[in-house]
Amino acid sequence: MKTDKNDSLKQFLSKNAPAPAQHPWFTANVLHRLPDRKPRYSWVLRLTYALAAIACLICWSRVIPELASPVITLRTVTEVAATAAVSVIVLSHYIGATLRS
């Protein structure tokens, strides 16, 4: 169904679209070499990163008081390492997605 609409739109535009103005530096070859437009940074992705950041803050708020304890257990070290790893992953993915958009 989408290909039918695309084909009919392509035919319509090829028949009815005005010819581009002649310019010495802009040719059809240049037009065909332009990169495809990337999709914009969606609100769903932003919401997901916001929820992940809130989850990381909640985890850090639970881990930091355990570090103030005079006895540090293996469980505390594991929780700190896991929270730090997840925080770094979320932050790096957020930065990567922001730079790509």
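At 6% relative accessibility, Thr76 counts as buried (buried means under 20% relative accessible area, exposed over 50%, partly exposed in between, with a 1.4 Å probe and protein chains only). Thr76 is found in helix 4, where helices (H or I, at least four residues) and strands (E, at least two) are DSSP runs numbered from the N terminus. With residues up to four places away in sequence left out, Thr76 touches Glu66 and Leu67, contact being heavy atoms within 4.5 Å. The structure is a predicted model, in which local features need pLDDT of at least 70 and side-chain atom pairs count only at pLDDT 80 or more, while totals for chains, interfaces and linings use all residues. Residues are numbered from 1 along each chain as its sequence is written, and side-chain values use heavy atoms, with hydrogens and water left out.

The protein has 4 helices and 0 strands, and its pattern along the sequence is α-α-α-α. Of its 101 residues, 10% count as buried. The accessible surface comes to about 9,200 Å², of which 68% belongs to carbon and sulfur atoms; accessible areas come from the Shrake-Rupley method with a 1.4 Å probe, and for residues only the protein chains shown count as cover.

Helix 4 spans residues 74-100 and has 27 residues. From its first C-alpha to its last, helix 4 reaches 39 Å, close to the 39 Å expected at 1.5 Å a residue (the expected span is 1.5 Å times one less than the number of residues). Besides Thr76, the buried residues of helix 4 are Thr83, Ser87, Val90, Gly96 and Ala97. Helix 3 (43-67) is included in what covers the buried residues of helix 4. Val77, also in helix 4, is partly exposed, with a relative accessible area of 47%. The C-alpha atoms of Val77 and Val63 lie 9.4 Å apart in space, at a sequence separation of 14 residues.

One aromatic pair is counted under the rule that rings of Phe, Tyr and Trp (its six-membered ring) pair if their centres lie within 6.5 Å, with planes under 30 degrees apart counted as stacked, over 60 as edge-to-face and the rest as tilted. The ring centres of Tyr49 and Tyr94 are 5.6 Å apart and the planes stand at 75°, so the pair is edge-to-face. This pair links distant parts of the chain, with Tyr49 in helix 3 and Tyr94 in helix 4, 45 residues apart. Tyr49 is buried at a relative accessible area of 16%, whereas Tyr94 is partly exposed at 40%.

The structure holds 1 salt bridge, defined as a side-chain nitrogen of Lys or Arg within 4 Å of a carboxyl oxygen of Asp or Glu. The side chains of Arg75 and Glu79 form this bridge, at 3.2 Å from N to O. Arg75 and Glu79 are 4 residues apart in helix 4 and therefore separated by about one helical turn. Arg75 counts as exposed at 54% relative accessibility, and Glu79 is partly exposed with a relative accessible area of 22%.

Trp43, Val44, Leu47, Leu51, Ile54 and Ile58 make a nonpolar surface patch of about 630 Å². Patches are made of residues with over 30% relative accessible area and no salt bridge, like charges being joined within 9 Å and nonpolar side chains (Val, Leu, Ile, Met, Phe, Trp, Tyr) within 5 Å. Val44 lies in helix 3 and is partly exposed, with a relative accessible area of 43%.
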